[in-house]
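Let us walk through a protein model together.

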Amino acid sequence: MLTEFEKHIPPDRSEKDGQVGAVMDKSQRIKVWDPLVRIFHWTVALGTIANLTVLKHMEDPHIYVGYVMVAALLIRLGWGFVSKGHARFSAFVPGPKTLVNYGGALVARREPRYIGHNPAGAMMMLLLMLLVAAMGVTGWMMGSDQFWGEPWVEELHEVIANIIIGAAFLHVAAAIIESIRHRENLPLSMITGYKRAASESDIDNAPVTR
């Protein structure tokens, strides 16, 4: 008996068949990412870039951007529980079995296309959210009376920043690879909110947002 996940694993196809089957019909686009999800994504992305580059040694702007990112994270966490569609955590956070099955399909280059976050992308999103929270906590500690000037707090803050850089590069690389694999511009979809509707072996893991 095939599991629900295995039913969606696409069969091996020739390169030609893959190209023909992946032609995108713009009339079949659907709204996937709501405005709050997109604002959160780009707020964190741009805030992280700013604080790790031009604002790294500008104390006040660095702190203010950090506050904005933490506020965005808290809003997104709340939205993940009360929203509908693909933004809801219950719609995309995978269980262990789903994650393992997806990993196996990914290694075999037979992973199904997800309308929302695929299992690997969901785990990366959760990791980045955790890292942003850790950056916020350690940043606050550095400015508090109790931990002011503590070397280990500053070092921990720096280590978390370096992990975020590595995770972000991996996230971007994965988005580019999946965009090529499924012939869909994933970064653009996080700007417009629209993606290609589900067909054939695609997995629509949540109702379409309205």
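A search of the whole structure finds four salt bridges. A salt bridge is a side-chain nitrogen of Lys or Arg within 4 Å of a carboxyl oxygen of Asp or Glu. This is a predicted model: local features need pLDDT of at least 70, side-chain atom pairs count only at pLDDT 80 or more, and totals for chains, interfaces and linings use all residues. Residues are numbered from 1 along each chain as its sequence is written, and side-chain values use heavy atoms, with hydrogens and water left out.

Start with Glu158 and Lys56. Their closest N and O atoms are 3.6 Å apart. Helices here are DSSP runs of H or I with at least four residues, strands are runs of E with at least two, and both are numbered from the N terminus. How accessible are the two partners? Glu158 is partly exposed, with a relative accessible area of 35%. Lys56 is partly exposed too, at 38%. Buried means under 20% relative accessible area, exposed means over 50%, and partly exposed is in between (1.4 Å probe, protein chains only).

Now turn to Arg113. Glu184 is in the loop between H7 and helix H8 (186-192), and Arg113 is in the loop between helix H5 (96-107) and H6, 71 residues apart. For Asp202 and Arg113, the closest N and O atoms are 2.7 Å apart. Asp202 lies in the segment after strand S2 (194-196) and Arg113 in the loop between H5 and H6, so this pair joins parts 89 residues apart in sequence. Arg113 is buried, at 3% relative accessible area. Glu184 counts as buried at 7%, and Asp202 does at 13%.

Next comes the nonpolar interior. In soluble globular proteins, nonpolar side chains tend to be buried together. A nonpolar core is a set of buried Ala, Val, Leu, Ile, Met, Phe, Trp, Tyr and Cys residues joined through side-chain atoms within 4.5 Å. The largest one has eleven residues, among them Phe40, Leu73, Phe89 and Met129. Helices H2 (35-52), H3 (59-82), H4 (89-92) and H6 (119-143) each give two or more residues to this core. H6 provides the largest share, four residues.
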